Amino acid sequence: MELERTRIEIVDCAKTYADGTRALKPTTLTVEPGEVIALLGPSGCGKTTLLRLLAGLEAVDPGGRIVFGDQDVTARPVEKRGVGMVFQSYALFPQMTVAANIGYGLLVRGVDAAERRRAVGELVDLVRLGGLENKRPAELSGGQRQRVALARAVAVRPRVLLLDEPLAALDAKLKEQLRDELADLLRSLGITAVHVTHDQHEAFAIADRLAVMHTGNIVQVGDAETLYRAPRHAFVAEFLGRVNRLQRDEDAVARGVVKLGGVEWRCAVPSASTSLLVRPEDVQLGPRGADRAAATVKHRTFLGERIHLRVEIASQPMLVADVTRDSPYRVGDEVGIWIAPDRLMASIETPA
Amino acid sequence: MTSLRSTAAARAPLLFAVTLVVSVFMLAPMALSLMAGLVKNYSAGLKSGLTTRWLAQVWEVYGDTVGASLLIGLGCVGATLLLGVPCAYMLARSRSRAARVFEEVLTLPVAVPGLATALALILVYGQMASFRQSFGFILVGHIVFTLPFMVRIVAAAFQREELVALEEAARTLGAGFRQRFLGVLVPAVFPAIVAGCLMVFTLSIGEFNLTWMLHTPLTRTLPVGLADSYASMRIEVGSAYTLIFLAVILPVLWALQWLAAALQNRYGV
Amino acid sequence: MTQSSAGFGTPRWLLAACAAPAFTFFAAFWLLPVARLVALPADKGWATYFVILTDGRYAQSMVNTLLLSITVTAVTLLLGGAVGIYLARRRFVGRRVLLSLLTLPLSFPGVIVGFFVILLGGRQGLVPTLGASIGIPRLTFAYGLLGLFLAYLYFSLPRAIATYTAAAEAMDVRLEEAARALGASRLRITRDVWLPQLAPTSIATGAILFATSMGAFGTAFTLASKYEVVPITIYNEFTNYANFALAASLSIALGLVTWAVLFAARLIVGNSEVAR
């Protein structure tokens with residue numbers, strides 16, 4: 001099924017609610033045609049608000065603009081925007097069958113019965129719901145309902161597909177399985193999609209690019225790897241994985257080093273920040289030695305495929321190291337820590 | 001958990017005794033009335049044998065009230081549906097102060113005694129002879145009294161999160177107001193609508209306070225006829241009439257309850 | 001997030017159009033008439049509004065009604081609560097039937113309840129007949145205060161039983177299990193676990209029961225009781241003396257008292273439950 005690829009331009013869009021809450025600060029973002037972008041962030045960060053502005057369910061504050069392709073849709077209500085939306089609760093019409101649900105958008109547009117049946121059949125095959133056409137939503141499982149919601153949204157050939165935490169209502173195991181299915185489906189449809197989630201793994205799996213949001217602002221946009229390896233803000237680093245914080249006093253900042261466990265390491269990137277971030281998997285353990293920081297293992301947690309070790313180190317807070325399951329170190333061992341210089345990330349505090 | 005329940009109840013002689021006494025108190029008159037309507041002579045009791053004579057007499061004198069009450073009940077249901085469902089939607093969606101005031105005002109006929117409402121209607125419309133002496137006058141009183149119930153039940157259903165999401169989903173699919181109201185919203189609150197119809201019908205059939213003041217000898221409903229028979233007729237006739245009331249109302253109540261439960265199961269909303 | 005914001009939800013004019021028919025009907029057949037009714041006593045002088053307080057007979061009637069309603073409400077909550085809790089926890093053959101029979105009177109007009117009390121305690125009633133057969137004369141109670149009280153109890157219990165059964169079923173058993181595990185006595189459990197959980201229901205139901213009792217007419221009418229309640233007074237003033245203004249004044253007083261109680265209960269509990 002071939003769908004239109006539309007560019008989305010969001011220019012200076014903000015949203016203030018009637019009671020005064022600034023849910024979204026002026027935001028600018030461009031979504032390339034055919035791209036799947038994830039709006040990622042904790043609850044209250046404004047991601048759902050932005051999605052609803054794109055849908056046309058809420059009005060943008062004066063001064064903002066939303067453009068689909070070459071058409072300014074800012075003033076258009078949702079009925080006229082040509083978006084497809086998958087809701088968190090799926091919002092399937094309870095008294096209609098699966099086929100009727102999927103065909104509803106076509107029915108509303110006056111498509112005749114034969115054409116509707118054909119289109120619905122095509123979609124049922126696409127999302128692999130064959131045999132369930134005459135069931136009602138109450139008789140379906142969570143995963144099946146999600147697929148009906150998706151098929152219904154896509155049936156009207158929208159220019160843009162919007163997904164509001166589509167996997168939130170599912171349990172963990174099902175989520176993982178459906179995540180990949182959803183990613184494949186979106187790729188094969190080729191449609192421009194905006195996907196809201198608070199789950200980073202979901203965003204990593206499904207989206208081409210991620211926009212990390214925090215208190216109404218987009219903090220950083222990029223593909224998963226860039227955001228993970230080179231976060232520009234502490235918030236992004238902390239949201240997308242675990243981080244350790246290394247403190248630096250004035251002297252260390254002035255000389256461009258970080259002091260820990262009796263050694264001083266040069267920082268690869270000059271930085272004025274008083275704390276540096278390092279991921280647990282970049283903290284390498286070995287025997288004590290010259291250029292290594294002296295540390296003692298205080299706590300060991302076996303997690304199956306990995307082991308977490310908490311090590312105590314002089315002049316720094318406790319570090320968490322993420323090592324392979326064959327790592328020989330136990331509680332009480334004296335170890336030497338080494339971190340590759342390019343794995344030390346500068347921490348810019350995120351503005352509120 | 002079953003063991004907790006049974007042991008707790010087994011050791012609750014006081015609750016059991018209360019339940020027993022209350023049950024006897026509530027059920028004895030119903031049984032008595034059933035018996036009284038079917039025996040030849042109430043003072044003699046069952047010994048005098050059973051008869052349908054009283055039922056026949058009631059039907060002859062008061063038979064038309066049954067039809068009148070049923071029609072008014074149905075009319076009430078129809079009117080409250082047409083007036084109440086759109087109104088419920090507005091109250092559920094509107095944030096304005098006016099809507100909240102209207103919602104509050106709508107609850108007043110429930111607090112104000114039926115007598116007062118009847119007096120008010122007579123005061124303003126009593127002079128219009130053809131209206132005053134028609135069943136329409138009674139119907140209007142019933143609608144005014146039952147409308148708040150329909151509105152409240154359906155508005156609560158419209159306000160639920162799922163309904164809001166359903167409406168938004170329909171809008172994203174391009175549905176205009178008429179399409180989504182009739183095709184999505186109303187079917188989705190259907191269980192609540194049925195519950196509302198049940199409540200309205202029950203209230204209308206049993207309504208007396210209002211109707212007694214509004215009725216004329218030519219426009220009598222079932223409860224009005226009942227009051228009349230209790231005052232002026234033998235106890236057997238009154239009982240037989242009560243029996244007829246039960247025979248009319250019970251099947252309808254059960255049917256509507258069954259329908260509501262079936263809908264709940266089927267659509268799970 | 002749930003409500004439509006200005007301009008992008010259902011347009012305001014459309015919402016108003018939805019409510020217009022109901023509003024028009026309501027304005028024409030209730031608001032306007034009741035406003036006229038409220039203004040009526042003024043025709044005979046402002047003092048007419050306070051006749052319920054000034055005239056001994058009417059004040060007595062109001063006191064009668066209040067006392068009766070309060071007592072009936074209290075007793076009903078107690079008995080209804082006991083039955084509700086018992087039926088919610090016990091499973092036995094015929095439980096469903098019993099429950100539906102006990103709540104059946106919700107659909108009865110008040111006159112039937114009056115008739116039932118006459119069947120039980122009128123001149124040919126069950127109790128006097130039984131009493132006479134064992135030698136106790138004149139156990140006729142239907143036409144006095146006891147008869148009225150029992151009748152009011154009869155139409156109030158079904159509502160209490162229905163709500164309490166539902167509420168008791170929704171009660172969290174785990175709280176009670178925790179209390180029992182800590183060794184609490186039956187009395188303590190009733191006081192510390194059951195009562196707080198049932199409090200909102202009790203207040204809401206109590207308010208409705210009170211309002212119903214205050215405005216009940218058919219029952220007292222059928223029993224032709226000597227214990228005069230306000231609805232009967234209103235009826236008499238209007239029918240026998242064609243005293244419209246007085247009837248209006250009494251109605252207003254009755255309505256105000258009832259509305260005040262319902263309003264207070266709504267404030268305490270929150271909107272949804274009392275509204276029924």
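I began with a definition: a residue is buried if 20 or more other C-beta atoms, placed from the backbone, lie within 10 Å of its own, exposed if 12 or fewer do, and partly exposed in between. Helices (H or I, at least four residues) and strands (E, at least two) are DSSP runs, numbered from the N terminus.

I noted that this is a predicted model, in which local features need pLDDT of at least 70, side-chain atom pairs count only at pLDDT 80 or more, and totals for chains, interfaces and linings use all residues. Residues are numbered from 1 along each chain as its sequence is written, while chains are lettered from A and ligands numbered from 1 in the order in which they are written.

**Entry 1: helix α11 of chain C**

I looked up helix α11 (residues 230–239) of chain C and found that 8 of its 10 residues are buried, so the rest of the structure largely encloses it. Among the buried residues of α11(C) I listed Val230(C), Pro231(C), Ile232(C) and Tyr235(C). For what they pack against I used the rule that two residues are in contact if their C-beta atoms, placed from the backbone, lie within 7 Å. The partners are α6 (114–125) of chain B together with α3 (56–89), α9 (186–215), α10 (218–223) and α12 (244–269) of chain C.

**Entry 2: chain C as a whole**

I recorded 13 helices and 0 strands for chain C, and its C-alpha atoms fill a box of roughly 75 × 65 × 30 Å along the principal axes. Of the 276 residues in chain C, 45% are buried, and among its contacts between residues at least 6 apart in sequence, 75% join residues at least 24 apart.

Chain C is divided into domain 1 (13–43) and domain 2 (48–274), with bounds that come from an automatic or database domain assignment. The centres of these two domains of chain C, taken over C-alpha atoms, are 31 Å apart. Their contact takes 5 residues from domain 1 of chain C and 8 residues from domain 2 of chain C.

I also stopped at Ala242(C), in the loop between α11 and α12 of chain C, where phi is near 50 degrees, a positive value in a residue other than glycine. Most residues other than glycine have a negative phi. Ala242(C) has 9 other C-beta atoms within 10 Å and is therefore exposed.

**Entry 3: chain B against chain C**

I then turned to the contact of these two chains, which takes 68 residues from chain B and 70 residues from chain C. On the side of chain B that touches chain C, the largest share, 12 residues, comes from helix α2 (residues 13–38) of chain B. To sort that side I counted Ala, Val, Leu, Ile, Met, Phe, Trp, Tyr, Cys and Pro as nonpolar, Asp, Glu, Lys and Arg as charged, and the others, Gly among them, as polar. The side of chain B that touches chain C then divides into 48 nonpolar, 14 polar and 6 charged residues.

**Entry 4: chain A**

I noted 9 helices and 20 strands in chain A, whose C-alpha trace spans about 80 × 45 × 35 Å along its principal axes. Of its 352 residues, 41% count as buried. Chain A is divided into domain 1 (8–239) and domain 2 (244–339), and 41 Å separate the centres of these domains of chain A, taken over C-alpha atoms.

**Entry 5: two residues in strands of chain A**

I placed Ala38(A) in strand β3 (residues 36–40) of chain A, and with 26 C-beta neighbours inside 10 Å it counts as buried. Not counting residues up to four places away in sequence, Ala38(A) touches residues including His195(A), Thr197(A) and Leu210(A).

I placed Asp12(A) in strand β1 (residues 8–16) of chain A, and because it has 13 C-beta neighbours inside 10 Å it counts as partly exposed. Asp12(A) has a positive phi of about 50 degrees although it is not a glycine.

**Entry 6: a helix pair in chain A**

The contact is made by Gly142(A), Gly143(A), Gln146(A) and Val154(A) of α4(A) and Leu174(A), Leu178(A) and Leu189(A) of α5(A). These residues divide into 4 nonpolar, 3 polar and no charged.
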